[in-house]
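Me: I'd like a close look at one part of this chain, and then how that part sits in the rest. Take your time and keep it connected.

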Amino acid sequence: MRLARIEPTDQEPDIRARPPLVREFLLVAGLFLAYTFGRRAANGHVEEAFRNAGNVWDLERALHLPGEGAVQGMLLHSEPLIHAANTYYAAVHFPATALFLVWLYWRRPRHYVRSRRVLAALTAAALVLHLLFPLAPPRMLAVAGLVDTGQVYGPTVYGHTPATDTMANQFAAMPSLHVGWAAMVAVGLIAATRSRWRGLWLLHPALTLVVVVGTANHYWLDAIVVVALLAVALAAFRLPLSARTVPAQPPGPGVWGSGEGPPVPAYAGGARPATSGTYAGGIR
């Protein structure tokens, strides 16, 4: 019986599937600028953001989700650890996603196109939620009793006065694009590679989740919502079948499994089977 072989077919870059570089650079840069200005446009709404924060906090307690303070408490046991978490939050988010897209563009063009579309859709959906549901992060919520680790231990990417911060919208906690982009990086690399260790890419979103919760920049629900949005985007933009599977090569003449019976041993006077690197069952 012939065995089918399933693996990514674009282990060598398919140049025909690679979009023009200049066009992609302008497109990705344009999307990033649109999102940045969109977040700034959504700034303000302070009272609504704090009211929503109270509702989210109460909902998490009603759902019996673990308190964000439990994660932060573990990080605060070590000042170098909390400093490392703040650095990870500030420095890894954008560079990791950019490197992911660059590598896919160069080595897995078909996967790149899909991943770029998924990230664009996810980011657009997040911006809509930021506009419709401003949310103060848990570090600002008095009832949470959490420490603003970025301001206390550094480094931080936010200004001291959230309401007048012109560099970032600090009331855009829902959903967490830190978690969403990290999850997409992991999913994309798992799909585009075939190493037996590729599942370890899931450590990136797992670590990101610990960091965003432990630094009190996001609630658990921020991560849950963004993962749900990512699942919808992944379902909407599926890989072409040609980028996911490759049919098994039919065995050569005289090879066991070709329907012509087992090969005749050479010592029995028969011709030697044509191997050309193929073993029994069509498996190399």
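Is tryptophan 103 buried, partly exposed or exposed, and what is its relative accessible area?

Reply: A word on the ground rules: this is a predicted model, where local features need pLDDT of at least 70 and side-chain atom pairs count only at pLDDT 80 or more, while totals for chains, interfaces and linings use all residues. Residues are numbered from 1 along each chain as its sequence is written, and side-chain values use heavy atoms, with hydrogens and water left out.

Now your residue. Tryptophan 103 is partly exposed, with a relative accessible area of 31%. On the scale used here, buried means under 20% relative accessible area, exposed means over 50%, and partly exposed is in between (1.4 Å probe, protein chains only). Tryptophan 103 lies in helix α5, residues 93–107. Helices are DSSP runs of H or I with at least four residues, strands are E runs of at least two, and both are numbered from the N terminus.

Who does it touch? Setting aside neighbours within four places in sequence, tryptophan 103 is in contact with Arg108, Leu189, Ala192 and Thr193; contact means heavy atoms within 4.5 Å. Leucine 189 is 86 residues from tryptophan 103 along the chain, yet their C-alpha atoms are separated by 9.6 Å.

Helix α5 also brings us to the inside of the chain. The largest nonpolar core has 37 residues, and Phe100, Leu177, Met184 and Leu230 have the most contacts inside it. Such a core is a set of buried Ala, Val, Leu, Ile, Met, Phe, Trp, Tyr and Cys residues joined through side-chain atoms within 4.5 Å. Two or more residues come from each of α3, α4 (79–91), α5, α6 (109–132), α8, α9 and α10. The biggest giver is α8, with 8 residues. As for leucine 230, its contacts beyond four places in sequence are Val118, Leu122, Gly180, Ala183 and Met184. There is also a second, separate core of 16 residues, which includes Met140, Ala144, Met174 and Tyr219.

A cis peptide bond joins methionine 174 and proline 175, with omega about -5 degrees, and proline 175 is found in the loop between α7 and α8. The peptide bond from glycine 154 to proline 155 is cis too, with omega near -10 degrees. Proline 155 lies in the loop between α7 (149–153) and α8 (177–192).

Two residues other than glycine have positive phi. For histidine 64, phi is near 60 degrees; this residue is found in the loop between α2 (46–62) and α3 (68–75). Alanine 216 has phi near 65 degrees and is found in the loop between α9 (203–214) and α10 (220–236).

Zooming out, the chain has 10 helices and 0 strands. Of its 284 residues, 41% count as buried. For the surface, the chain exposes about 15,500 Å², with carbon and sulfur atoms supplying 68% of it. Those areas come from the Shrake-Rupley method with a 1.4 Å probe, and for residues only the protein chains shown count as cover.
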